[in-house]
Amino acid sequence: MRALADAIPARNRAMVVTQAGLGLRLGELLALRVQDVDFASRLVRIEWQFAPQSKVRTEPKTPRSRRTVPLPQVVADAVRAHMTQFSPADDGTIFTTRFAGPYRHDYYGTLIFGAAVRKAGLPRSITTHDLRHHYASVLLMQGESVITVAERLGHENATLVLSTYGHLMPDSEERTRRAVDEAWDCAPGVPQSERTPS
């Protein structure tokens, strides 16, 4: 993701970090406002989206899409730096064009993001949605539960997360061994006679 963030214009760099660091849908990213980001509590409220071909805020995709997600430091730093260099719109929209208006899906997602993908030498098949996949993958690989990841992504249930990302959950076999061994106090070198279940 760093290569992509480095390849995209400075005005859009924080958009890459924010989408990858919060797991946002493109429309949610484009509609993000200053008042949605609580730097003190380190939380971000996802309450609105821009639908494709629209610059009018509408409610998110599903009721569960309206959510609050943790604000990682890397995203907080990127958003702060962005707002210092590029003033938000009067309505609080954080990411705006040089004309101070909101981005449309196709303009940012296809033209700007697509050009950055090519400049970074990444596969042309990569889209903004892959940043959302990146977020889910990172959480799962760090041991977050499927249910938590579903909540962070705004999915109705965990089934989609499990079917899409289940193969990324690391060291499943080793975690199973360790869980059972720890339950039986089965540290290496402990004599069998001393191993008792908790």
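I will start with the second largest pocket, whose lining comprises three nonpolar, six polar and four charged residues. Nonpolar here covers Ala, Val, Leu, Ile, Met, Phe, Trp, Tyr, Cys and Pro, charged covers Asp, Glu, Lys and Arg, and the others, including Gly, are polar.

The model is predicted: local features need pLDDT of at least 70, side-chain atom pairs count only at pLDDT 80 or more, and totals for chains, interfaces and linings use all residues. Residues are numbered from 1 along each chain as its sequence is written, and side-chain values use heavy atoms, with hydrogens and water left out.

Next, the chain as a whole. The protein chain has nine helices and five strands. These are DSSP runs numbered from the N terminus (helices H or I, at least four residues; strands E, at least two). In sequence order the pattern reads α-α-α-β-β-β-β-β-α-α-α-α-α-α. The chain has 198 residues, and 40% of them count as buried, where buried means under 20% relative accessible area, exposed over 50% and partly exposed in between (1.4 Å probe, protein chains only). Taking contacts between residues at least 6 apart in sequence, 55% link residues at least 24 apart; a contact is heavy atoms within 4.5 Å.

Back to the second largest pocket. Its volume is about 190 Å³. There are 13 lining residues, and those nearest the centre are Arg25, Lys61, Arg132, His155 and Leu160.

A pocket is an open set of points on a 1 Å grid over the protein atoms alone, with protein on both sides within 12 Å along at least five of seven lines; a cavity is a set where a 1.4 Å probe fits but cannot get out, and lining residues have an atom within 4 Å of a point. Points are joined across faces, edges and corners, and the volume is the space filled by probe spheres set on them.

Now the largest pocket, which holds about 350 Å³ of space. It is lined by 15 residues, with Met1, Val17, Ala20, Val74 and His134 closest to the centre. Which elements each supply at least two residues of this lining? They are helix 1 (2–7), helix 2 (10–22) and helix 6 (129–141). Helix 2 makes the largest contribution, with five residues. By class, the lining of the largest pocket has 10 nonpolar, two polar and three charged residues.

The structure contains one cavity of 30 Å³ or more, and the largest cavity has a volume of about 30 Å³. The residues lining the largest cavity are Glu28, Ala31, Leu32, Asp36, Arg45, Ile46, Glu47 and Trp48. Helix 3 (26–31) and strand 2 (43–46) each supply at least two of the lining residues. Four of the residues lining the largest cavity are nonpolar, none is polar and four are charged.

Helix 4 covers residues 73–85; at 1.5 Å a residue its 13 residues should span 18 Å, and the end C-alpha atoms are 18 Å apart, which agrees. The expected span is 1.5 Å times one less than the number of residues.

Which residues of helix 4 are buried? They are Val75, Ala76, Ala78, Val79, His82 and Met83. Seen down the axis of helix 4, these buried residues fall within an arc of 165°, so they line one face of the helix. The arc is that of the directions from the helix axis to the C-beta atoms. As background, an α-helix has 3.6 residues a turn, so residues three or four places apart point the same way. The buried residues of helix 4 pack against helix 2. On the face turned away from the buried side, helix 4 carries the exposed residues Val74, Thr84 and Gln85.

Helix 6 also has 13 residues, which should span 18 Å at 1.5 Å a residue; its end C-alpha atoms are 19 Å apart, which agrees. Buried in helix 6 are Leu131, Arg132, Tyr135, Ala136, Ser137, Leu139 and Leu140. Just after helix 6, Gly143 has a positive phi of about 95°.

Last, two backbone points. Arg42, a residue other than glycine, has a positive phi near 60°. Arg42 sits in the loop between strand 1 (37–38) and strand 2, and is partly exposed at 44% relative accessible area. Ala100, also not glycine, has a positive phi near 70°. Ala100 sits in the loop between helix 4 and helix 5 (105–119), and is partly exposed at 48%.
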